[in-house]
Amino acid sequence: MSGLNASLGYFLACVILAASLRTPLKRWPRLAFLSELSSSFMLVACRLEVQTIVEVGEWAGGLGPDVTLTILAAVLLVHGAVCGDHSGNPSVSVLRFLQLDAAPLATVLAVASHFLGAYLAMLAAQYYWNLELTDMHMIKNLMARECSTSLLVSPVQGFFTEGVCALLFYLAHLFLRRRTALIRVPVGAVLLTFLSHIAKGYTSSYVNPSLAYGLTFHCSGFTFAEYALVYWLAPITGMIMALLLYMGHIPRIFAKNLLYKTRFRVRKGGEKERKK
């Protein structure tokens, strides 16, 4: 249990750091991209430790799959509760851009912040592992140069798997985006945990380009282009398909509804009512 206690302390430190950075930024909306940086940092830093528990914890600390799934769900739940609308996910920022909810410059800054936050999280996790506070982290530190890739199938199969998972996740995201956080955050955490579990032997279903960059791009086995195909292009493709299915068009590109017919009738008094 000492290894688990050390991990819980690490998770708590990441949450406190991200929350302390976000609090003063609420006064300056133009610096919202820095909130995305802290959100990405917290998510990637915590998921790196979850990955350590999955890879090493079962035989170095006696932590079984039930414990790792619970920890993953808890991390995603806390991340959603603390970071709110700042998801730390480049695909979500691009989605807002396509929905006309974000300007081009703000989107570029947000995406850059996501990857910078992921890179800083990798440095922070490596520093933490180098402390070798437990046997689990000592083994992880020895294995760091030979990490196991999350992509366990061919790039084509991986693209399909990650794209389908992204389609399901972003459809749920679009349906729940106007719901209260008490519904949106738990459902999102459970869905991501479920997708990660069923895709464990394929791609691990990150559906987040910056998260995948932090967790598996540096592992050997595939080229950078193959990783980009699976973990960058596939989530974006799934997100665009989800937006098209949800709205019937992509507002940034098409003003006309391409999938669903709409008609209007005029009420008495001249007011128009839209009917699907």
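Colleague: Let's start with Ser150: where does Ser150 sit?

Modeller: Ser150 is in the loop between helix H6 (residues 135–143) and H7. A helix here is a DSSP run of H or I with at least four residues (strands are E runs of at least two), numbered from the N terminus. Keep in mind that this is a predicted model, where local features need pLDDT of at least 70 and side-chain atom pairs count only at 80 or more, while totals for chains, interfaces and linings use all residues. Residues are numbered from 1 along each chain as its sequence is written, and side-chain values use heavy atoms, with hydrogens and water left out.

Colleague: Why is Ser150 called buried?

Modeller: Its relative accessible area is 6%. Buried means under 20% (exposed is over 50%, partly exposed is in between, with a 1.4 Å probe and protein chains only), so Ser150 counts as buried.

Colleague: What does Ser150 touch?

Modeller: Leaving out residues up to four places away in sequence, Ser150 touches Gln51, Tyr202, Thr203, Ser204, Tyr206, Thr216 and Tyr231. Touching, or contact, means heavy atoms within 4.5 Å.

Colleague: And Ser205, what makes that one stand out?

Modeller: Its phi is near 50 degrees, a positive value in a residue other than glycine. Ser205 lies in the loop between H8 and helix H9 (209–215), and with 4% relative accessibility it counts as buried. Leu100 also has a positive phi, near 65 degrees, without being a glycine. Leu100 sits in the loop between H4 and H5.

Colleague: How do you know that H4 is roughly antiparallel to H5?

Modeller: By the crossing angle: the axes of H4 (residues 90–98) and H5 (residues 104–130) cross at roughly 175 degrees and come within 9 Å. Over 145 degrees is roughly antiparallel (under 35 is roughly parallel, 65 to 115 roughly perpendicular, the rest oblique), so H4 and H5 are roughly antiparallel. The axes are lines fitted to C-alpha atoms, for helices over the stretch in contact, and angles run from 0 to 180 degrees between N-to-C directions.

Colleague: Which residues meet between H4 and H5?

Modeller: From H4 you have Pro90, Ser93, Val94 and Phe97, and from H5 Pro104, Thr107, Ala110, Val111, His114 and Phe115. By class, that contact has 7 nonpolar, 3 polar and no charged residues. Nonpolar means Ala, Val, Leu, Ile, Met, Phe, Trp, Tyr, Cys and Pro, charged means Asp, Glu, Lys and Arg, and the others, Gly among them, are polar.

Colleague: What makes Ser93 count as buried?

Modeller: Ser93, in helix H4, has 5% relative accessibility, so it counts as buried. Beyond its sequence neighbours up to four places away, Ser93 touches Glu36, Thr107, Ala110, Val111 and His114.

Colleague: Why is Ser40 called buried?

Modeller: Its relative accessibility is 0%, so Ser40 goes in the buried class. Ser40 is in helix H2 (residues 32–60) and, apart from neighbours within four places in sequence, contacts Gly88, Ser113, His114, Gly117, Ala118 and Ser210.

Colleague: How do you know how H7 and H8 run relative to each other?

Modeller: Their axes come within 10 Å and cross at roughly 175 degrees, so H7 and H8 are roughly antiparallel to each other. H7 brings Cys165, Leu168, Phe169, Ala172 and Leu176, and H8 brings Ile183, Arg184, Val187, Leu191, Leu192 and Leu195. That contact has 10 nonpolar residues, no polar ones and 1 charged.

Colleague: What makes something a pocket here?

Modeller: On a 1 Å grid over the protein atoms alone, a pocket is an open set of points with protein on both sides within 12 Å along at least five of seven lines, whereas in a cavity a 1.4 Å probe fits but cannot get out; lining residues have an atom within 4 Å of a point. The largest pocket has a volume of about 1,100 Å³ (the space filled by probe spheres set on the points, which are joined across faces, edges and corners).

Colleague: Which helix gives the most to the lining of the largest pocket?

Modeller: H8, with 8 residues. The lining divides into 23 nonpolar, 14 polar and 10 charged residues. The second largest pocket has a volume of about 540 Å³, and of its 24 lining residues, the closest to the centre are Gln51, Val54, Ser196, Lys200 and Ser204. There, H2 gives the most, with 7 residues.
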